[in-house]
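Me: I would like to learn how side-chain packing is read from a model, one feature at a time. Please give me the general idea before each case.

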Amino acid sequence: NTLLGNYNPDFVLAWSNTLSYKGITLDFLWDWHQGGKFYSYTSLGILAGGMSVETLPGRETGIIGKGVMLDPNSGKYVPNTVKVDAATYYNAYYNASNNEAFMYNASYLKLREIRLGHDIDHLFGKDSRAVLNVSLVARNVLEFTQNKDVDPETLALRGQQILPGTEFLSIPSTRSIGFSLGLKF
């Protein structure tokens, strides 16, 4: 076994802020995880199966892989000149034994939530202290990460087993937009 990385972040930071003006409120929440590594089975499947734009080169003409080969006449190593079809090349390069090709930085910055609201006071008359808050809420608005295909926050599950530091055909967090009603007395 070879250590390829640690899935634990170096630090986790969240920033929440509320801005208010004349009964209108803007809340936002940022989430930053810095450091850590994860292994992506999704990337393995996409690349090994030829379903990525990274595997487009050579589909029509074949590929001469980088590297050297032994020249049988001189006994010396010379630049590779052997052309193979793209499927053979990519299946050999992007396979499960090449673990380093599927290790990614688990750092991410997410805009978790934005909430734009308006307070309606004196809801039940002039002497009432009740305030109704009506808000538009968006969750999982933005994500900045190294790997555009997978969400480093997702965990790999196999049956009842959680595999920390691995991502296995996970889907990204769902972006949602909705309304919120709150009543304060």
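Me: Is Tyr90 buried or exposed?

Reply: Tyr90 has a relative accessibility of 9% and therefore counts as buried, the class being under 20% relative accessible area, with exposed over 50% and partly exposed in between (1.4 Å probe, protein chains only). Tyr89, at 27%, counts as partly exposed. This is a predicted model, where local features need pLDDT of at least 70, side-chain atom pairs count only at pLDDT 80 or more, and totals for chains, interfaces and linings use all residues. Residues are numbered from 1 along each chain as its sequence is written, and side-chain values use heavy atoms, without hydrogens and water.

Me: How many aromatic pairs are there, and how are they described?

Reply: A pair of rings is described by the distance of the centres and the angle of the planes. Phe, Tyr and Trp (six-membered ring) pair with centres within 6.5 Å, as stacked under 30 degrees, edge-to-face over 60 and otherwise tilted. That rule gives eleven aromatic pairs. In one of them, Tyr89 and Tyr90 have ring centres 5.2 Å apart and planes at 75°, so they are edge-to-face. Tyr94 and Phe102, with centres 6.2 Å apart and planes at 55°, are tilted, and both residues are buried. Ring pairs link Tyr39, Tyr41, Tyr89, Tyr90, Tyr93, Tyr94, Phe102 and Phe168 into a cluster.

Me: Which ring does Lys110 lie over?

Reply: Lys110 lies over the face of Tyr108, 4.9 Å from the ring centre; the criterion is NZ of Lys or CZ of Arg within 6 Å of the centre and within 35 degrees of the ring normal. At 2% relative accessibility, Lys110 counts as buried.
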